[in-house]
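Thanks for making the time this morning. I would like to take you through one structure, beginning with the whole chain and ending with a few single residues.

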Amino acid sequence: MADINELNEAIILCGGKGTRLKEVVNDVPKPLAPIDGIPFLSILMKYLKAQGIRRVILATGYMHEKIENLYGNCYEGMEIVYSVEQNPLGTGGAIAKALRKVMNENVLVLNGDSVIKFQLNEIKKQFDEIKKQFSEIKNHSLLILKPMERVERYGAVKTFENRVTAFEEKSFKEQCLINTGVYILNKDTFNDKAENEVFSFEKDFLEKEVEKGSLFGIECKGFFIDIGVPEDYSAAQNNLIKQLNQ
């Protein structure tokens, strides 16, 4: 029997329209945008496999058929499962829907248009220590944070002893921690939500969890890129695969 405490499943959010990339990629959903001829989602999933992920839930919506036709039910030996939004559910609704397909206690959640280089075993070890330290909390939620310099495009995350204490709006900062869009969530996180409920993960969940004290962050200094805007998509062509393979 599989160990439900393993962290070998991932949800990848693939449902967005990618409007900011329309001028350079308009015939496929954003996660399939080619990087040196290879779909970004393929690069991301191959990297996740190297980190020990064995089952991937693709939370799809816009042009979902193109993703399904490309990957079917298996990629690089990993099982592929689909959670399809018939109507846009927001980031929170998409995650809540996909969580219904999770088999283990916790799952890695990622955006389908960004990647950070990390060591999943090390992150899980730190997360387990946090859960022991704060054992009174029922469902712990973890953010992977990256230290950045001269930041304007991203909001900042404030922490104290691994606990997230505040989110700050986008503005220029010489130094700060940013949310990389990579999380570890308990599969029961949204059991109180109705099926297909529309809500924002960032506004309606993360910001409210700060007040409850159940949101935690771990810093990761690895290479990070978000291909959601044309200039970063262009930069990814030159160094993404090389950086992940180093």
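I will go from the overall fold to the charges, and then to some individual positions.

Let me say at the outset that this is a predicted model, in which local features need pLDDT of at least 70 and side-chain atom pairs count only at pLDDT 80 or more, while totals for chains, interfaces and linings use all residues. Residues are numbered from 1 along each chain as its sequence is written, and side-chain values use heavy atoms, with hydrogens and water left out.

The secondary structure comprises six helices and 14 strands, where helices (H or I, at least four residues) and strands (E, at least two) are DSSP runs, numbered from the N terminus. The radius of gyration, taken over C-alpha atoms, is 17 Å, which agrees with the value near 18 Å that a compact globule of 246 residues would have, the rule being 2.2 Å times the number of residues to the power 0.38. Along the principal axes, the C-alpha atoms fill a box of roughly 45 × 45 × 35 Å.

Of the 246 residues, 52% are buried; here buried means under 20% relative accessible area, exposed over 50%, and partly exposed in between, with a 1.4 Å probe and protein chains only. If we take contacts (heavy atoms within 4.5 Å) with a separation of 6 or more, 76% of them are between residues 24 or more positions apart. The accessible surface, from the Shrake-Rupley method with a 1.4 Å probe, is about 12100 Å², and 46% of that belongs to carbon and sulfur atoms.

Turning to charges, we have 32 positive and 36 negative ones, and their mean positions are 2 Å apart. Lys and Arg count as positive and Asp and Glu as negative, with His and the chain ends not counted, and each charge is placed at NZ of Lys, CZ of Arg, CG of Asp or CD of Glu.

How many salt bridges does a search of the whole structure find? There are 14, a salt bridge being a side-chain nitrogen of Lys or Arg within 4 Å of a carboxyl oxygen of Asp or Glu. One of them joins Asp113 and Lys30, at 2.6 Å from N to O. This pair links distant parts of the chain, 83 residues apart, with Asp113 in the loop between strands S7 (106-111) and S8 (114-116), and Lys30 in the loop between strands S1 (9-14) and S2 (34-35). Both Asp113 and Lys30 are buried.

A second salt bridge pairs Lys193 with Glu197, at 3.8 Å from N to O; Lys193 is partly exposed at 21% relative accessible area, and Glu197 is partly exposed at 29%. In another, the closest N and O atoms of Lys212 and Glu209 are 3.1 Å apart. These two residues are separated by about one helical turn, because they are three residues apart in helix H5 (residues 201-212). Lys212 counts as exposed at 61%, whereas Glu209 is buried at 9%. Elsewhere, salt bridges that share partners join Glu9, Arg55 and Glu79 into one network.

Finally, some backbone details. Asn162, which is not a glycine, has a positive phi of about 75 degrees; this residue sits in the loop between strands S10 (156-160) and S11 (163-168) and is partly exposed at 35%. Asn196, also not a glycine, has a positive phi of about 65 degrees, lies in the loop between strand S12 (173-186) and H5, and is partly exposed at 42%.
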